[in-house]
Amino acid sequence: MGKLIKNHWARLIVLTAAAYQIAAAIYGFFWPKIFWDFATKNFDGAVKPVPILQIINLLFGIFILAWEWPLGIVTHSVLHRSIEARLVVYPLSALVALLLYQATNAGLYYLIGVGVYFWAFSEGETVCPVPWTLPRRHMVSKV
């Protein structure tokens, strides 16, 4: 049996969250609603009349989808190989997603993805320079 490569699993979770966040942001343009409107109406200015929160969610979703898929210009960069950068950016994206009513599921998926990325980081996994490849084994020569 093989070993679970947790950063690949986390990548799939975060790709799902980013796609969901993009769809929720587009949906939010037509039916704007803040998640916390049952508690207070103070945050309604973030979604209507100017859709600030929807635009921020759309930009975060597109950026993360391009980072995780990844686009050709991101593929061999330090940003693509950095799990630490993901552990900083994804909680911010989860916070933005959790504020918009339509994107709360995406925010929860991001939090799960952050947990799996942290698990991978704590076990010393690295992200391969070429996406969707397996890490190379280091050959130990016998003397």
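Lys-6 touches Val-116, Trp-119, Ala-120, Glu-123 and Glu-125, leaving out residues up to four places away in sequence. The model is a predicted one. Lys-6 sits in helix α1 and is buried, with a relative accessible area of 4%. One of the residues it touches is Glu-123; Lys-6 and Glu-123 are 117 residues apart in sequence, yet their C-alpha atoms are 9.4 Å apart in space.

**Overall fold**

The protein chain has five helices and zero strands, and from the N terminus on its elements run α-α-α-α-α. Its C-alpha atoms fill a box of roughly 70 × 30 × 25 Å along the principal axes. Of the 143 residues in the protein chain, 40% are buried. Among contacts with a separation of 6 or more, 74% join residues 24 or more positions apart.

**Nonpolar cores**

The largest nonpolar core contains 18 residues. Within this core, the residues with the most contacts are Val-14, Ile-64, Trp-67, Tyr-90, Tyr-110 and Tyr-117. At least two core residues come from each of α1 (6-30), α2 (52-68), α4 (83-99) and α5 (104-122). A second, separate core has nine residues, including Ala-24, Val-96, Leu-100 and Ala-103.

Trp-67, one of the residues with the most contacts inside the largest core, is in contact with Val-74, Leu-79, His-80, Ser-82, Ala-85, Arg-86, Val-89 and Tyr-90, when neighbours within four places in sequence are left aside.

**Aromatic pairs**

The structure holds ten aromatic pairs. Such a pair is described by the distance between the ring centres and the angle between the ring planes. The table gives these values for two of the pairs.

| Pair | Centre to centre | Angle between planes | Arrangement |
|---|---|---|---|
| Phe-35 and Tyr-101 | 6.3 Å | 20° | stacked |
| Tyr-90 and Tyr-117 | 6.1 Å | 40° | tilted |

Phe-35 belongs to the loop between α1 and α2 and Tyr-101 to the loop between α4 and α5, so this pair ties together parts that are 66 residues apart in sequence. Phe-35 counts as partly exposed because its relative accessibility is 25%, a value in the range between under 20% for buried and over 50% for exposed. Tyr-101, at 41% relative accessibility, also counts as partly exposed.

In the other pair, Tyr-90 and Tyr-117 are both buried. Tyr-90 lies in helix α4 and Tyr-117 in helix α5, so the pair ties together parts that are 27 residues apart in sequence. Ring pairs also link Tyr-90 and Tyr-117 with Phe-63, Trp-67 and Tyr-110 into a cluster.

**Leu-87 in helix α4**

Leu-87 is placed in helix α4. Apart from neighbours within four places in sequence, Leu-87 is in contact with Val-114, Tyr-117, Phe-118 and Phe-121. Tyr-117 is thus a contact of Leu-87 as well as the ring partner of Tyr-90. The C-alpha atoms of Leu-87 and Ala-18 are separated by 15 Å, and the two residues are 69 residues apart along the chain.

Terms used: Residues numbered from 1 in each chain as written. Predicted model: local features only at pLDDT ≥ 70, side-chain atom pairs only at ≥ 80, totals over all residues. Heavy atoms only, no water. Core = buried A, V, L, I, M, F, W, Y, C linked by side-chain atoms within 4.5 Å. Buried < 20%, exposed > 50% of the residue type's maximum accessible area, 1.4 Å probe, protein only. Helix = DSSP H or I, 4+ residues; strand = E, 2+ residues; numbered from the N terminus. Contact = heavy atoms within 4.5 Å. Phe/Tyr/Trp six-rings, centres within 6.5 Å; stacked < 30°, edge-to-face > 60°.
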